[in-house]
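User: I am new to this structure and would like a guided look at it. Could you take me through its main features?

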Amino acid sequence: METLFDNGVHKNLLLEDFGHGEMVQANVHLIVDSGKGMILDPGGHKVFKHLIQEIGIVIGIDNLEWIFFSHQDPDIVAAANGWLMTTKATAIASKLWLRFIPHFGVDRLVIDRIKGIDDTGTIIKLGNTDMYILPAHWMHSPGNFQVYDPVSKILYSGDLGASLGQDYTFVSNFEEHIKYMEGFHRRYISSGRALRNWAKMVRQLDIEIIAPQHGAILKGKEMVNKFIRWVENLETGVDLMDEVYKVPVQRFKG
Ligand code: FE
């Protein structure tokens, strides 16, 4: 467990990465304010029981109030049923996915505790703090949100800022780090236009840390600004893929 922020009442914890083998590395974050907790993108079945245990130790399982799903992917929502059955928390996700998430198997008893977020985002209360649920659509999912915590000044950016293959937790050299982010962003993030709109929005916030769901954390104002400048000028997704829309000629090789 890594502590990203702690002022006694408010804590931001990066829970240990239990994802191994074939699973993409994923970060799970816990925000605690005045003894109440919010878990972000808790992942699938393999990590579920470890996380429940850790949260039990840190705040007590009944103090988990919010489960945040940034989007609909399995590395985020696959264990939704377990989370809802084991805790008293309310889960929130884009309205777009409310009828899709139940396909992972969500019990009728708890299904009403998954609540939809409008495209415009929202503000929720955790303990005594307002948490901002920011629109981040098309980065990468069409119904996608991020969390901004104004106390720790951490922006939880979901798949934006994701990096794969590096062996460190904090980025120390941004220019060197680009190679671990670039491939993912060019293919998984839908469009540069979304990135430019996002940059305009987050420049209004006071951000100390950008914490993505996969890979290393960007810490410090300089690093944060470098990242925003980088994504703002990036061509991604549909910007790059005009050429692939052709009837295939190659046979599947497996
Ligand atoms: Fe995803």
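This is a predicted model: local features need pLDDT of at least 70, side-chain atom pairs count only at pLDDT 80 or more; totals for chains, interfaces and linings use all residues.

User: How many helices and strands does the protein have?

Analyst: There are six helices and 13 strands in the protein.

User: What share of the residues is buried?

Analyst: Of the 254 residues, 50% count as buried. Buried means under 20% relative accessible area, exposed means over 50%, and partly exposed lies in between, with a 1.4 Å probe and protein chains only. The C-alpha atoms of A89 and I39 are 9.6 Å apart, although 50 residues separate the two along the chain.

User: Moving to the aromatic rings, how many pairs are there?

Analyst: A search of the whole structure finds eight aromatic pairs. One of them is F48 with W83, an edge-to-face pair at 5.4 Å centre to centre and 80° between the planes. Rings of Phe, Tyr and Trp (its six-membered ring) pair if their centres lie within 6.5 Å; planes under 30 degrees apart count as stacked, over 60 as edge-to-face and the rest as tilted.

User: Which parts of the chain does the F48 and W83 pair tie together?

Analyst: F48 lies in helix α1 (residues 45–58) and W83 in helix α3 (residues 80–86), so the pair ties together parts that are 35 residues apart in sequence. F48 is buried at a relative accessible area of 18%, and W83 is buried at 0%.

User: What about W198 and F227, how are their rings arranged?

Analyst: The ring centres of W198 and F227 are 6.1 Å apart and the planes stand at 85°, so this pair is edge-to-face. W198 belongs to helix α5 (residues 192–202) and F227 to helix α6, so the pair ties together parts that are 29 residues apart in sequence. W198 is buried, with a relative accessible area of 2%, and F227 is buried at 0%. F174, W198, F227 and W230 form one aromatic cluster.

User: Which lysine lies over a ring face?

Analyst: K219 lies over the face of F170, at 5.4 Å from the ring centre. Such a contact requires NZ of Lys or CZ of Arg within 6 Å of the ring centre and within 35 degrees of the ring normal.

User: Now the charges: how many salt bridges are there?

Analyst: The search of the whole structure finds 12 salt bridges, each a side-chain nitrogen of Lys or Arg within 4 Å of a carboxyl oxygen of Asp or Glu. D118 and K95 form one of them, at 2.6 Å from N to O. D118 is in the loop between β7 (114–117) and β8 (122–126) and K95 in the loop between β6 (90–94) and β7, so the pair ties together parts that are 23 residues apart in sequence. D118 is partly exposed at 41%, and K95 is partly exposed at 48%.

User: Where is the bridge between K153 and D206?

Analyst: K153 and D206 have their closest N and O atoms 3.0 Å apart. K153 is in the loop between β10 (145–149) and β11 (154–158), and D206 is in the loop between α5 and β12 (209–212), 53 residues apart. K153 is partly exposed at 29%, as is D206 at 31%. Salt bridges that share partners join K153, D206, E208 and K221 into one network.

User: Last topic: which residues make the nonpolar surface patch?

Analyst: V238, V244 and Y245 make a nonpolar surface patch of about 350 Å². Patches are made of residues with over 30% relative accessible area and no salt bridge; like charges are joined within 9 Å, and nonpolar side chains (Val, Leu, Ile, Met, Phe, Trp, Tyr) within 5 Å. Accessible areas come from the Shrake-Rupley method with a 1.4 Å probe, and for residues only the protein chains shown count as cover. Y245 is exposed, with a relative accessible area of 64%, and is placed in the segment after α6 (221–232).

Methods
Residues are numbered from 1 along each chain as its sequence is written. Side-chain values use heavy atoms; hydrogens and water are left out. Helices (H or I, at least four residues) and strands (E, at least two) are DSSP runs, numbered from the N terminus.
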